[in-house]
Amino acid sequence: MAVLVDITKCIGCESCSVACKLWNKLPYGKKKSRKQKEEKDLDDDTWTVIQRKRVEAPSGKGYTRFVKKQCMHCLEPSCASACFSKALRVDPETHAVVYIPELCVGCRYCMLACPFEIPRYQWDEPLPLVTKCQLCASRLKDGDAPACVSACPTGALTFGGRDELLTKAHAIIEKDHRYINHVYGEKELGGTEWLYISDQPFEELGFKTDFEDIPPSTYTHAYLSKVPFLAAAWGLFLAAISWRYYKKHKNDPPKPPTPEEETREAGNHGEGDGMI
Amino acid sequence: MTRKISRRDFLKLASGTSLFGLGVLASGCASEQKDEGGDGWMPDQYQGRGDFPAHLKGRVAISPKNPSIMRDDEKCILCGQCIEACHNVIGVHGYYPLPLKDETACIGCGQCTMWCPTGAIHERPAVDQVEAALDDDSKFVVVQTAPATKVSLGEEFGMAPGSIVSGKQVAALRALGFDAVFDTCMSADMTIMEEASEALVRLTQKKDVLPHFTSCCPGWVRFCELFYPDLMKHLSTCKSPAAMMGATVKSYYAEKKGLDPKNIVTVSIMPCTAKKGEALRKELGHDGLQDVDYVLTTRELALLLKKKGIDFESLDNADYDSILGESTGAGRIFGATGGVAEASVRSLYYFATHQAPPANLLEWKAVRGLTSVKEAQASVPGVGTVSVAVVNGMASGRKVLDAIRAGQGSRWQFIEFMACPGGCIGGGGQPKSQFASSEDMRQRRIAALYQEDRGAKKRASHENAEIQTLYKEFYGQPLSERAEKYLHTSFVDQSEKIFDAETQHAPNTPPKAPKSQPAKD
């Protein structure tokens, strides 16, 4: 399931981020370890945020636009590809990229892998977890829209099937020449479930635009997918050597101890300072 | 002492620990996995099929720089009441075009603070600054109280809506340590002197700027500057009563008392959050001094009194300080919708005829009451029939303003606009002791104001003795050069902050001029 964000309709009321906090029971506490940045940004308690962007048009005029930031829910997520414990995975029913805390080992490979720099870590917790938007997978399974979408008062967020929303997005762009002819998320890194349309250039709004159309995991899949087999084969190889060595030497007579070893053992016993 | 353990014991221990660990892991995998994606609480309209169309959804946008109101996200439950107030009562949310230009529109009226059930939206506080000024011995701190606060402050202390507490309020402010307590009703009389004279000039000589719009409501002024800048020429150039008082204190009063205006701090107690934005206007000041330094809402004053442990109910009534403390009935009814129109016409009648207004203009029922748009006629000899409209709630104001834009302006000569329903008594800074949409509470407050008017010895502004002295000693005549300097202001077209011809015109049509573009939902 996908969400289409029409940036031209956002008024920056932040209903979406409050809805996210309510539904996911996220606290508002300001933690000491967290630097207060100028611009609002995601953190482990904030899974979606509205960023205010100022765009200078070529005509010299300035425009204010609000951009919603959250996990893009890639069709081929790099985080899930980097996660060796399968804590991050694509939910087969909703296509949301979900996080299963019970499986996470806390390695934070996902944070390095994410091209959109979305996952955050609970630095203040003794047993920290990774956090990010789950696309309200539990709501989607009940047939509801994600919390943020259901709370949007201006219709800037639309929920639906990805193909249906792509058709809709292109229809809007076609009908209204003010929009940039680009649906962000349609092709970026193989496509994402969150799609954006805008009347201002995406790069001006803080979007990364130098992405290829194929998912990053394409490059790594060829050899990373062989890692489990290689690991197993290496183990088998070592076991085989060990077994061969054991077979070859099991009938060797025990070596008599050297005089040096004898004196040292005797000395240790004498002092009563035994070692394992 | 360490014990030597055998190789066999060590291996036993290691394997036992591993088996235990494996067991824990296995039990973890076998436990039931809950659905990912949250299970919190949201209000009814977002439950069930959360994408159903709903009337009350989300909330209004509040800029972090908003001078009037703030919101605490932690308390927001997304009930949607602020949208209800902002869209249906005030006509702002949903009336500014998208995509945005520079900012989301807000007139600062604060009706959302009245409707917000959790207190998430509140006024931008100024209590700390006022306390600091009171503690600073080098400052002479002057306070003024708006008419509407006199009939509502008691509610914060458990008194019935409509209890008249003007005397107690003065005593309470003295107890807080203010150096002088003045009455905004007095400067409301000053406003009437200027505004009625100005309206008379427009009615008799400058008929092209009719209808005449009142300009005492800062929410309305901001509304006009944002959405109807083409009609700004109709606005009275008079400052609001609060600003007139501030300007007079920092000029006439300072001169009279031998005070340095730089050391005077003016505080106003207002039923209004928009006044906080008004106080920051560059146009409201002189010689580098702002007319009003700090604005406290009625709610904030109650908070300050409670903080200082002042037992409000047991206070004896006290009188306002001279020389800016006398008020007439005309100044007192400023707090109710229709009050400014009624007070203006009383003095207008006198200025035009030099005779006292007839009894029907002293009990002008047609302009009173909570109807959102009221129309009435007053016949003034020498001027003719003056058609008056009284508007409260800017959502209704849009109908009148759109009619004027459509060329029906000649229907009225004088229009009073108040942003909040019921006028200032229903303002966004008033006590929240009753449900926000309760008309009963507004009616009781209004009734109290008219009771004050009826009980007044003088009922028209020009009869105020202190006003007469003030004009004799300082301003000369209404609309004199000095009066223009201190008591009149100018307005600034703010529409370019929300309207933009290039990005907001209809799809595939050439851009239109921003001013002729109707605001769309």
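What share of the contacts in chain A with a separation of 6 or more comes from residues 24 or more positions apart? Keep that question in mind as you look through the views below; the model shown is predicted.

**View 1. Chain A from end to end.** Welcome to chain A, which holds nine helices and nine strands. Its C-alpha trace spans about 95 × 45 × 40 Å along the principal axes. The radius of gyration of chain A is 28 Å, while a compact globule of 276 residues would have one near 19 Å. Of those 276 residues, 38% count as buried. As for the opening question, the share is 59%.

**View 2. The largest nonpolar core.** This core has 202 residues. Those with the most contacts inside it include A:Ala19, A:Ala147 and A:Leu195 from chain A, along with B:Val142, B:Val388 and B:Ala419 from chain B. Helix H6 of chain B, residues 184-204, gives the most to the core, with ten residues. In soluble globular proteins, nonpolar side chains tend to be buried together.

**View 3. Around A:Leu195.** Let us zoom in on one residue of that core. Setting aside neighbours within four places in sequence, A:Leu195 is in contact with A:Ala2, A:Leu4 and A:Val5, among others. Its partners also include A:Leu165, A:Leu166 and A:Ala169, as well as A:Val183, A:Tyr184, A:Gly185 and A:Glu186.

**View 4. Where chains A and B touch.** Chain A brings 46 residues to the contact and chain B brings 38. On the chain B side, helix H1 (7-30) and helix H18 (501-504) each supply at least two residues. By class, that side has 14 nonpolar, 14 charged and ten polar residues.

Definitions and conventions:
Residues numbered from 1 in each chain as written. Chains lettered and ligands numbered in written order. Predicted model: local features only at pLDDT ≥ 70, side-chain atom pairs only at ≥ 80, totals over all residues. Helix = DSSP H or I, 4+ residues; strand = E, 2+ residues; numbered from the N terminus. Rg over C-alpha atoms; globule rule 2.2 N^0.38 Å. Buried ≥ 20, exposed ≤ 12 C-beta atoms within 10 Å, placed from the backbone. Contact = placed C-beta atoms within 7 Å. Core = buried A, V, L, I, M, F, W, Y, C linked by C-beta atoms within 7 Å. Nonpolar A, V, L, I, M, F, W, Y, C, P; charged D, E, K, R; others polar.
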